[in-house]
Amino acid sequence: MAVSESTRKLAARLRDQISHHDHRYYVLDDPEIPDAEYDRLFAALLQLEAEHEELRSPNSPTQRVGGKAQSEFASVTHGIAMLSLDNAFAEEQVESFNQRVLDRLEETGPISYAVEPKLDGTAVSIRYESGKLAVAATRGDGRTGEDVTHNIRTIGAVPMSLSGSDYPQVLEVRGEVFMPVKGFEEFNAHARERGKKTFANPRNAAAGSLRQLDPKVAASRPLSIFIYGVGVVEGGSLPQQHSETLAALAGFGFRVCPENSVVEGAEGCLGYYRAIGERRKELAYEIDGVVYKVDDYGKQKKLGFVSRAPRWAIAHKYPAQEEMTKVLDVDWQVGRTGAVTPVARLEPVLVGGVTVSNATLHNMDELERKDVRIGDAVVIRRAGDVIPEVVSVVAKRRKKGARRAKLPARCPVCKSDVSRPEGEAVARCSGGLYCSAQRKEALKHFVSRRALDIEGLGSKLIDQLVDSKIIKTPADLFDPAKVNTESLAALDRMAEKSAENLMVAIEASRKPTLARFLYAIGIREVGEATAENLAEYFGTLGSLRTASADPEALQEVPDVGPVVAEHIQTFFAQPHNIEVIEKLVGANALVIAESTPREVERTHAAITGKTFVVTGTLSGMSRDEAKGEIRKRGGKVTGSVSKKTDFLVFGDKPGSKLEKAQNLGVTALDEQGFLKLLGS
Ligand code: 5U1
């Protein structure tokens with residue numbers, strides 16, 4: 001049956017609406033409608049396309065979930081070659097570059113440079129014809145790349161159709177596909193948990209996702225893109241300045257890096273390099289440098305290029321985050337929960353300006369999968385605040401006699417049995433609190449900033465206090481016969497004044513909230529958000545203890561599933577845990593600020609039953625107040641964004657959660673939007 005005009009119009013309207021909301025969400029980080037509303041639009045279009053074959057189109061937003069798998073990668077010849085960039089590693093090289101530009105242009109005044117971060121992803125060219133996405137290709141050798149249109153379509157930040165009407169009829173844009181850091185870390189953590197292969201770095205994650213014949217794979221990965229330039233432009237024109245072209249591209253619906261800017265001369269470039277370098281750790285995406293481009297296209301043309309790199313641009317690299325070194329041995333570290341983790345002891349190597357001599361191998365599964373052996377040459381990686389890790393073995397360099405590390409049968413610290421249940425990645429020491437390593441880690445967690453927050457009680461002091469047998473459990477910290485100014489002052493590098501300060505800090509920590517206390521006692525898999533939900537639900541430690549015998553009751557609490565419920569049950573069933581808790585609260589060592597469990601007002605339809613994450617600094621209330629308001633209305637608050645999150649409430653400096661939410665299709669609300677929701 002032919003499709004009626006009204007159905008055709010309805011499909012077109014739905015496509016326009018969905019594209020508009022994709023842009024608001026993925027490109028502008030500023031969604032207009034809640035998720036559920038978007039899902040309804042999407043489902044309506046899917047249904048129309050399912051009912052009427054004529055309405056299906058490769059550029060429909062429904063294709064973002066992954067269309068048909070390809071049988072091979074076709075090759076695509078780039079209309080204009082995709083250039084590469086020369087690199088500068090030192091300030092003098094940037095000054096020489098600027099001087100060469102001035103000399104060739106026969107100018108003396110400062111040159112305006114368009115500057116932006118250089119992302120560590122994979123370069124692509126995307127061609128639009130009459131405003132519609134036509135073909136997308138990898139860089140390949142610069143002249144010919146692979147057709148990855150099917151995968152590029154799955155990236156929410158890539159428009160299927162251009163906005164406005166003044167775009168060139170043929171427009172090729174160039175940019176970098178990348179996997180935001182948070183998405184990468186969560187992807188790997190998830191893969192690790194399931195014993196699956198992890199990605200070495202976000203760059204490989206992006207490249208690997210594009211090199212898939214089945215677009216459903218790319219659709220399931222949190223990819224994004226920044227557009228940084230153009231190739232072929234026909235049937236229309238763009239501004240004469242690179243910076244203005246970027247603004248025009250943003251106007252057509254592309255995502256350009258928000259950090260892009262214009263600076264004057266080499267000094268301006270170096271200032272930008274330093275400023276971005278300082279913020280490198282906090283950016284939601286990995287960068288390996290910044291790029292300086294002569295802003296004026298007329299000048300770019302005059303300068304031309306040599307071989308495959310333009311004379312008008314240069315990449316200024318930051319110190320590498322990956323280096324090669326040798327594994328001297330594999331040590332075994334015992335964590336708070338008894339997990340026995342292999343740690344590679346390395347020939348010290350400078351990575352990103354810091355000497356690294358140890359790197360984690362995560363767990364036995366990873367060690368075996370990566371097949372790291374003692375004596376191997378390995379690539380290690382240190383990014384942001386994350387612990388350095390062994391990424392891969394340089395197999396070609398393996399020498400005869402490279403030995404496999406063996407999981408010790410006994411805990412290297414307390415000599416208790418180490419067991420690794422069949423099929424599990426993690427091996428554990430069975431010593432519990434008998435094991436001083438577990439005790440030390442448990443104590444470090446107990447006093448940490450988000451737990452009891454005892455300032456000045458750092459890792460080395462805890463080691464000393466445990467090694468010198470002054471304390472064994474958290475309760476001992478509050479026992480004046482054990483921890484006092486004299487016993488503290490007798491420790492290494494502890495002056496009387498520091499001992500006094502520490503006693504004041506211990507005193508100040510005596511009134512934790514129930515949520516902090518529950519987080520501090522270190523029940524497995526009870527993070528801050530779960531601790532808050534438990535505190536909110538049960539109100540008192542006593543009620544939680546009573547309920548702990550009943551996993552079903554525990555699962556009534558938002559965020560608590562069968563695994564966490566079992567951990568809670570196991571924790572409260574251990575006599576030694578009860579003994580510590582009773583010492584802590586029994587003699588009023590700690591006075592826990594408990595509350596009566598709140599009868600949740602189940603009246604607020606927009607919030608009840610929905611899952612929220614709150615991030616960044618809000619101006620009109622604290623994050624805790626915001627969470628309280630959500631809970632009052634029957635909403636749940638969790639700590640990290642996942643597909644199950646309904647709303648992300650974000651304030652200033654939202655960090656990578658916003659990016660993650662954007663990539664997962666979670667509705668992000670700024671403070672105003674949140675207040676509206678509260679009031680509605
Ligand atoms: N940000 C950015 N990355 N990047 C890579 N701009 C940029 N420009 C490039 C490349 C290869 O090339 C043009 C200068 C041609």
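This report looks at the ligand in this predicted model and at the pocket around it.

## About the model

Local features need pLDDT of at least 70 and side-chain atom pairs pLDDT 80 or more, while totals for chains, interfaces and linings use all residues. Residues are numbered from 1 along each chain as its sequence is written, and side-chain values use heavy atoms, with hydrogens and water left out.

## Around the ligand

Let's start with the neighbours: Leu83, Leu85, Glu116, Pro117, Tyr228, Val291, Lys293, Trp312 and Ala313 surround the ligand (a heavy atom within 4 Å). By class, this shell has 7 nonpolar, no polar and 2 charged residues (Ala, Val, Leu, Ile, Met, Phe, Trp, Tyr, Cys and Pro count as nonpolar; Asp, Glu, Lys and Arg as charged; the others as polar).

A backbone N or O atom of Pro117 lies 3.1 Å from a ligand nitrogen, and a side-chain N or O atom of Lys293 is 2.9 Å from a ligand nitrogen. On its own the ligand has 380 Å² of accessible area, and the protein covers 86% of this (Shrake-Rupley method, 1.4 Å probe). Strands E3 (112–119) and E10 (287–294) each give two or more residues to the shell (strands are DSSP runs of at least two residues, helices of at least four).

## The pocket

The ligand takes up space in the second largest pocket (an open set of points on a 1 Å grid over the protein atoms alone, with protein on both sides within 12 Å along at least five of seven lines; lining residues have an atom within 4 Å of a point; a molecule sits there if more than half of its atoms lie within 2 Å of the grid points). This pocket's volume is about 1,200 Å³ (the space filled by probe spheres set on the points). Its lining has 44 residues, and Leu83, Arg174, Val230, Pro310 and Trp312 are the closest to the centre. Strand E8 (224–234) gives the most to the lining, with 7 residues.

Notes
A polar contact is a pair of N or O atoms within 3.5 Å; within protein, one must be able to donate a hydrogen and the other to accept it, and residues adjacent in sequence count only if both atoms are side-chain atoms. On a 1 Å grid over the protein atoms alone, a cavity is a set of points where a 1.4 Å probe fits but cannot get out, and a pocket is an open set with protein on both sides within 12 Å along at least five of seven lines; lining residues have an atom within 4 Å of a point.
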